[in-house]
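Here are a few notes to read with the structure open beside you. Take the points one at a time, and find each residue as it comes up.

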Amino acid sequence: MESPTSSYLQLSTTSTSAKAGSSAKYLVSATFPMSKLYYKILSRGNLVSQGSTDLASPSTRTMLSIAVTADMAPSARLVVYAVRSDGEVVVDSLTLTVDGLFENEVSVDFSEEETRPGNSVDLRVTADPNSYVGLVTVDQSVTLLADGNDITETSVIDELNSYDPSTPSWYGGGPFPIFRRRRRSLWFPYYSSGQDALRTFENAGLVTMSDANIF
């Protein structure tokens, strides 16, 4: 990452995934003494959380703990930045995979595994109270002729990920697509920093307006 003062900030963590309801901890290291940290968390194209933390005393290393919520699933972008005494903004970002997209666990089963035409069977549906449950019955021969039209966990996750306007970079060299799926592209979901501070904000899908120095 480029900086006119050779100032850098780095996020590191022991795990790039977390479960909704838990917390994710990050080590923030910098080449300059930090007095205050700012962070923003984006998911599904929305800003879901933001805040700041004051350090007890200026330091080049500190821990940052983030509360992981269901609206960060299936993945969230964490952007952390600090402002030097001369006004330069130094930033880094990481992608966090969040487990807990489906808060309402639904299960369906029949009272009989096998029966004959004309017989009655009971269908048991288990879900949270006041849930709205939709059911559809399809002859198995239809699914053998054509698949891909079912609503699956993977298809829901892919759809929600497509709402993310950010363009992660591969070691600062621009977006790196893994493969294309119809009209959408999937991107490598790890480090998402850019060549400089401004590019890092842009890669996260943020527009910056500030009187600070963002290079």
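1. Let us start with a word we will need: a residue is called buried when its relative accessible area is under 20%, exposed when it is over 50%, and partly exposed in between. By that cut-off, Y81 and F201 are both buried. Please keep in mind throughout that this is a predicted model.

2. Now for the whole chain. It has 215 residues, of which 30% count as buried. You can find 3 helices and 10 strands in it, and along the sequence they come in the order β-β-β-β-β-β-β-β-α-α-β-β-α. The protein chain exposes about 14,000 Å², and carbon and sulfur atoms supply 49% of that area.

3. Next, the aromatic rings. A pair of such rings is described by how far apart the centres are and by the angle of the planes. The count here is 2 aromatic pairs. One of them is Y38 with Y81, a stacked pair with 5.3 Å from centre to centre and 15° between the planes.

4. Is Y81 buried or exposed? Y81 has a relative accessible area of 15%, so it is buried. Y38, at 28% relative accessibility, counts as partly exposed.

5. Y81 also pairs with F201: their ring centres are 5.5 Å apart and their planes meet at 75°, so this pair is edge-to-face. It links distant parts of the chain, with Y81 in strand 5 and F201 in helix 3 (residues 197-203), 120 residues apart. Put together, ring pairs link Y38, Y81 and F201 into a cluster.

6. Among contacts between residues at least 6 apart in sequence, 60% join residues at least 24 apart.

Definitions and conventions:
Residues numbered from 1 in each chain as written. Predicted model: local features only at pLDDT ≥ 70, side-chain atom pairs only at ≥ 80, totals over all residues. Heavy atoms only, no water. Phe/Tyr/Trp six-rings, centres within 6.5 Å; stacked < 30°, edge-to-face > 60°. Buried < 20%, exposed > 50% of the residue type's maximum accessible area, 1.4 Å probe, protein only. Helix = DSSP H or I, 4+ residues; strand = E, 2+ residues; numbered from the N terminus. Contact = heavy atoms within 4.5 Å. Areas by Shrake-Rupley, 256 points an atom, 1.4 Å probe, with all protein chains shown as cover.
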